[in-house]
Amino acid sequence: MLLARQLLELILPTASLLASECGNNESPEMIERKIRDFIAVETWVFDLDNTLYPHHLNLWEQVDGRIRDYIAGFLKVTHDEAFRLQKDYYRRYGTSLRGLMEEHGLDPDGFLELVHEIDYSPLTPDPALGAAIARLSGRKLILTNGTRRHAETVMRRLEIEEPFEDIFDIAAAELEPKPRPAVYDRFLARHRVDPAKAAIFEDLSRNLEVPHALGMTTVLVVPTGTREVFREEWELAGRDAPHVDHVTDDLTGFLRGIAGNA
Ligand SMILES: [Mg+2]
């Protein structure tokens with residue numbers, strides 16, 4: 001702890017200089033807060049969808065559409081009704097899968113496989129993001145409500161898989177989705193993560209509430225242009241929530257700032 005404080009004293013005077021070097025518009029106060037919050041971080045936890053690739057690629061919309069089709073076929077309802085149920089279950093259970101399992105006894109394996117059969121071609125290599133993640137000192141882990149296979153495909157296409165130690169997926173979470181507290185408990189135990197020395201990056205504010213309560217540093221990743229993308233208001237709400245420590249619309253730039261300062 002003493003070492004961290006000494007390091008902080010050494011680093012803080014250079015905060016404004018680093019801000020200009022990073023090419024961002026952060027004030028020295030913001031940089032200072034960033035250093036304080038991230039200096040002790042040993043484990044970097046990343047959500048996958050709409051966090052490690054931008055919302056405007058609409059990859060998640062493909063999954064969303066396939067879930068709707070699946071529900072319409074499985075429950076033999078119209079697409080409008082399937083849409084209503086999908087959103088209702090997503091809100092109430094964390095994922096529509098969980099709602100279908102609990103209310104209709106759905107077998108999850110076929111569902112998970114089918115809804116992830118999407119076109120991954122919008123994803124292209126993001127070497128700048130990969131390099132920014134690799135420069136962070138400590139372990140890097142993925143925590144996703146999707147499947148391992150989906151995560152591996154996404155990361156392979158982005159060419160960012162190398163720095164990551166492991167993926168904690170919906171199967172590892174025993175099919176319980178974020179934001180359920182049990183998921184985070186299982187994740188932290190499985191990977192022996194000390195939450196006080198961990199940071200988490202997510203595009204959904206509600207998924208940061210439990211991590212913040214556990215002592216993790218939380219970063220909400222928001223899209224640069226949200227208008228074109230379908231996102232419900234409740235998802236966008238809560239940006240000023242006390243469980244959100246930092247907000248960024250430029251994950252790579254944000255990580256560069258941390259790696260440059262730490
Ligand atoms: Mg996400």
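Two residues are in contact if their C-beta atoms, placed from the backbone, lie within 7 Å. This is a predicted model, in which local features need pLDDT of at least 70, side-chain atom pairs count only at pLDDT 80 or more, and totals for chains, interfaces and linings use all residues. Numbering starts from 1 along each chain as its sequence is written.

**Confidence**
- Residues 226-231 also stay under 50 in pLDDT, with 10 contacts beyond four places in sequence.
- The chain average is a pLDDT of 86, and 83% of the residues score at least 70.

**Helices α5 and α6**
- The axes of α5 (residues 79-93) and α6 (residues 96-104), lines fitted to C-alpha atoms over the stretch in contact, come within 7 Å and cross at roughly 95°.
- The two helices are therefore roughly perpendicular (65 to 115 degrees, on a scale from 0 to 180 between N-to-C directions).
- Gln86, Tyr89, Tyr90, Arg92 and Tyr93 of α5 meet Ser96, Arg98, Gly99, Leu100 and Glu102 of α6.
- By class, this contact has four nonpolar, three polar and three charged residues.

**Glu176**
- Glu176 sits in the loop between β3 (166-168) and α10 (181-190); helices (H or I, at least four residues) and strands (E, at least two) are DSSP runs numbered from the N terminus.
- Glu176 counts as partly exposed because it has 16 C-beta neighbours inside 10 Å (buried is 20 or more, exposed 12 or fewer, partly exposed in between).
- Leaving out residues up to four places away in sequence, Glu176 touches Ala182 and Val183.
- Leu97 is 79 residues from Glu176 in sequence and 9.3 Å away in space, C-alpha to C-alpha.

Note on methods. pLDDT = per-residue confidence, 0-100. Parallel < 35°, antiparallel > 145°, perpendicular 65-115°, else oblique. Nonpolar A, V, L, I, M, F, W, Y, C, P; charged D, E, K, R; others polar.
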